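Okay, thanks for coming, everyone.

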Amino acid sequence: MSFVIRLKWFFKWRWSRYAVAIALMACVSLLTTIPPKMIGNTIDLIRKGGLTSSGLSQTVILLVCLSLLIYVMVYIWITTLFGNSALIEKLLRGRLLAHLTRMTPAFFQRNSTGQLMALATNDILAIGQTAGYGVMTLVNTLVGASIVIITMISFISFKLMLAALIPLPFLAIAISSLGKKVRTRFLAAQASFGKMNDHALESISGIRVIRSYVQENHDLSAFDKVTSDVMIKNKRVSILNALFQPVISLIVGLSYTIGIGYGSYLVFDDQITLGQLISFNIYLGMLIWPMISFGEFINVLQRGSASADRLEESFTQKPDMTDTDAPVAIKVPTSIEMKKLTFTYPTSSHPSLVNIFFRLERGQTLGIVGRTGSGKSTLLKQLLRQYPVDPEMLFVAGVPIEQIAMDQMKSWVAYVPQEHLLLSKSIRDNIALGKPNASADEIARVIEMASFTQDISQMPEGLSTIVGENGVMLSGGQKQRLAIARAMLIDSEILLLDDALSAVDARTESRILHNIRVERAGKTTLITTHRLSAVSHANWILVLDDGRIIEEGTHDELMLFGGWYKQQWDRQQMEASLEE
Ligand code: ATP
Ligand code: MG
């Protein structure tokens, strides 16, 4: 039942298609009861010696016409019904992706990629099957069986029908007890399939690391375990599926035995004719499919509703961040300010930022430095609103960030993350990600700004070169410069550079930073880095350690202060001069 409730919207919307398909299926069931009747009648005519050649040819022509009519009707209902099932798969996949794009990082920490892929593939497929094949089997059972039974009663014998169908209740019992088991086993199989997806994804994306540590065999044997588990779980499902068939054969066999045994007695007793007995046995044969259908229906329904539940479980997970009901409208982010900002990741017990204070006016640059793991990236991410923050700690243009519409905030921020994210598209498409209709000139300009022009001219197809999955074709420094060009293209109010130039040499870095400074005059930039020369020009520099500010000031002030910053600066200068 839960399946119908979950997909009520779809059935409501497509009810007319379903109605057509079901009506046609009913017509087909009705029409298929005619030939057995005609065969029975003909046999009775033969026995009585009343069969004429014109009568026989009439019967044959009628039978042929009937088959043609049935053919057309079956064609129409199959395409209508299975069209619905393809449609629902398409719609659900679209919804799932839309849902995923609204989710924040915490959701993806809870739900692994493999499980989400299992939802998008197997689960949605199971739902589609239920909405198509499932409906077909149900209608076959209900409509098909009742029409055959009614025909048996009205044209042949109620007593005989009753006797022949005595074994049926056992079928119902067997099916309902097996059905529940199918559901639990199917859920287990799907979960295991998700785990296998995860493993395959990790193996493929990490193949280079795995190879360099000569762990192929180890990884293969681990994968073998996972696939064995999937196989075992799927086998357990198919064992139940297989159990249906013998149960059905047994019951059908019993029905036939009763039908022929008791039917012959009725013929001898002159209660029915021989022709009727033959028609009856053909009808009994026609009941087999509805019975099998019923088993299939329970099976498909259990799988479909298990999958619908899994999907629903994902849909009901709300993003951790929701917009405020009454957002405050701001035209431009004239300042960014943190007041006593403390932040702990939802999955962590230790705060990653403690008591952060700073104020940045529009047009200024903030440098954030500190040891690895000190909280630099975490600080930048506060402006992306990926995680819930306590109120009244982070202000943009004097308004607490939680009172600003998220889309508004996102439209101001361009972010170059520390771990680059490239799509397996062309370089042009990767750069134009935030502004798909950018002109060739605009793109050329940002490429120049990111010092990326020369690299592109050496690529086989220039801007149209496909970068491969997550940019495997590019070097670390090329990926970083591509990411910078992408961020520069949208010319945002606020630019977040998270260690965005760590993989380029110092000279290229200073050229790019110079370009950024000139280009972004009047706009706000936040830079985290390990190479202090990248922030020496900043208006204000924060030095973090274990999530706290341990030093702050301009470059000159920090040099005078003589703490971590100065030590680090001197060391890096010395290293640079040694290199030269
Ligand atoms: P690096 O210089 O290596 O980039 P960082 O200064 O950017 O380091 P952060 O990435 O901000 O450091 O991490 C600060 C702390 O927060 C670390 O202790 C890290 O383990 C923790 N942390 C980072 N991301 C998460 C997360 N998604 N969930 C839980 N803890 C996290
Ligand atoms: Mg970082």
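Before the helix pair, a quick word on terms: an axis here is a line fitted to C-alpha atoms, for helices over the stretch in contact, and angles run from 0 to 180 degrees between N-to-C directions. And keep in mind that this is a predicted model.

So, helix α16, residues 440-449, and helix α19, residues 506-519. They pack with their axes 9 Å apart, at an angle of about 130°. That makes α16 oblique to α19, because angles over 145 would be needed for roughly antiparallel, and 65 to 115 is the roughly perpendicular range. Who's meeting whom? On the α16 side you've got Arg-445, Glu-448 and Met-449, and over on α19 it's Ile-512, Asn-515 and Glu-519. Sort the residues of that contact and you get three charged, two nonpolar and one polar.

Next up, the magnesium ion, ligand 2. Its coordinating atoms are OG of Ser-377 and OE1 of Gln-418, at 1.9 to 2.2 Å. Those two come from distant parts of the chain, 41 residues apart: Ser-377 sits in helix α13, while Gln-418 is in the loop between β6 and α15. Buried or exposed, for Ser-377? Buried, because its relative accessible area is 17% and the cut-off is under 20%. Gln-418 is partly exposed, at 34%.

The unreviewed UniProt entry annotates "transmembrane region" at several stretches, including 15-34 and 280-301. In the model, residues 15-34 are 95% helix, with end C-alpha atoms 29 Å apart. Residues 280-301 come out 100% helix, and there the ends are 31 Å apart.

Notes:
Residues numbered from 1 in each chain as written. Chains lettered and ligands numbered in written order. Predicted model: local features only at pLDDT ≥ 70, side-chain atom pairs only at ≥ 80, totals over all residues. Heavy atoms only, no water. Donors = N, O, S within 2.8 Å, 3.2 Å for Na, K, Ca; no water. Helix = DSSP H or I, 4+ residues; strand = E, 2+ residues; numbered from the N terminus. Buried < 20%, exposed > 50% of the residue type's maximum accessible area, 1.4 Å probe, protein only. UniProt positions renumbered as here; feature names shortened; annotations may be inferred. Parallel < 35°, antiparallel > 145°, perpendicular 65-115°, else oblique. Contact = heavy atoms within 4.5 Å. Nonpolar A, V, L, I, M, F, W, Y, C, P; charged D, E, K, R; others polar.
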